[in-house]
Amino acid sequence: MQVNQTTVKKFILLGFSLYPNVQTLLFVIFFCLYLLTLLGNLTIMGLTWVDRALHIPMYIFLSSLSFSETCYTLSIIPKMLSDLLSKARSISVTGCGLQMCFFLGLGGTNCILLTLMGYDRFLAICHPLRYPLLMTNVACGQLVASAWAGGFFVSLIETALIFRDPFCSPNLVKHFFCHMRAVVRLSCLDSNITEIIVTLISISGLLGTFILIVLTYVFIVSAVLRIPTAEGKQKAFSTCASHLTVVIIHFGFASIVYLKPEGSGGDDTLIAVPYTVVTPFLSPLIFSLRNKDMKNAFRKVLGNIASYNK
């Protein structure tokens with residue numbers, strides 16, 4: 001046990017303070033990406049809401065993912081932008097715990113929702129006749145609710161493990177948000193076991209959902225290859241292209257953050273930027289640009305607005 005140290009009530013987020021000459025530039029870049037991320041996700045949610053043709057499980061899952069990612073970015077990016085322009089980068093211990101809980105919970109929810117979207121495509125392609133019976137809007141809503149419950153259940157466990165002990169000075173968090181590894185190391189007690197446990201929980205959740213997605217695509221590819229026509233194969237694959245692209249980006253960047261070996265070097269702050277800022281920006285962009293139904297719904301809305309103005 002560490003002795004003669006003061007129990008802290010707040011943390012200082014070091015963030016990008018190591019790069020003082022580029023903080024204004026970083027603020028402009030991250031602020032623009034954040035606005036575009038919000039615009040993309042709100043567009044997807046709005047189009048899904050107003051266009052009845054999109055009131056099907058595939059787009060209910062997509063709209064739920066957009067809402068989750070909006071909340072996910074809201075939990076960390078506004079605070080990060082504020083800290084880039086401020087010298088006081090403090091956050092209370094309670095605020096840090098809440099931020100960590102929401103970040104982990106929404107991140108877990110995103111992983112589960114991506115898994116459910118893969119399961120939806122699996123049913124649609126491998127069991128097309130039974131699909132309307134198996135994947136109703138009610139069943140879809142229940143799966144979405146289970147994704148949120150599962151994500152926050154794991155998050156609460158991890159956050160409780162990290163914040164069960166007091167924290168001692170120095171109260172410097174070497175990150176731009178309350179990342180669990182950076183915070184747990186500030187515990188007054190020996191935190192090695194706690195760090196291993198929460199890291200294993202996160203890695204298990206990440207790899208578990210990824211393996212399930214891989215398994216669904218093994219069955220999907222097997223079913224598509226049995227389709228006799230090239231046009232049929234292309235149509236089947238096109239419904240999965242956007243989802244598969246986002247899965248690769250999401251889990252690829254996440255693995256860099258959570259599977260990086262200790263002592264391997266690199267600034268954890270910079271390494272986390274693609275996962276926390278770039279991935280949420282790319283996700284709505286990919287789903288909207290590579291989706292004909294979304295583009296048709298957008299054109300329909302623009303046409304209705306134009307005709308209304310006339």
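## Disulfides in the model

The structure holds 2 disulfides, a disulfide being a pair of cysteine sulfur atoms within 2.5 Å. This is a predicted model, in which local features need pLDDT of at least 70 and side-chain atom pairs count only at pLDDT 80 or more, while totals for chains, interfaces and linings use all residues. Residues are numbered from 1 along each chain as its sequence is written, and side-chain values use heavy atoms, with hydrogens and water left out.

Counting the bonded cysteines along the chain, the disulfides follow the pattern 1-3, 2-4.

## Cys 96 and Cys 178

The sulfur atoms of Cys 96 and Cys 178 lie 2.1 Å apart and form a disulfide. This pair links distant parts of the chain, 82 residues apart, with Cys 96 in helix 4 (residues 93-126) and Cys 178 in the loop between strand 3 (172-173) and helix 7 (180-184); helices (H or I, at least four residues) and strands (E, at least two) are DSSP runs, numbered from the N terminus. The torsion about the S-S bond is about -135 degrees, so this disulfide is left-handed.

## Cys 168 and Cys 188

Cys 168 and Cys 188 form a disulfide with sulfur atoms 1.8 Å apart, and this link is right-handed, with 105 degrees about the S-S bond. Cys 168 is buried at 6% relative accessibility, where buried means under 20% relative accessible area, exposed over 50%, and partly exposed in between (1.4 Å probe, protein chains only).

## A cysteine too far for a bond

The sulfur of Cys 126 is 8.9 Å from the closest cysteine sulfur, in Cys 240, which is too far for a bond. Cys 126 is partly exposed, with a relative accessible area of 23%.
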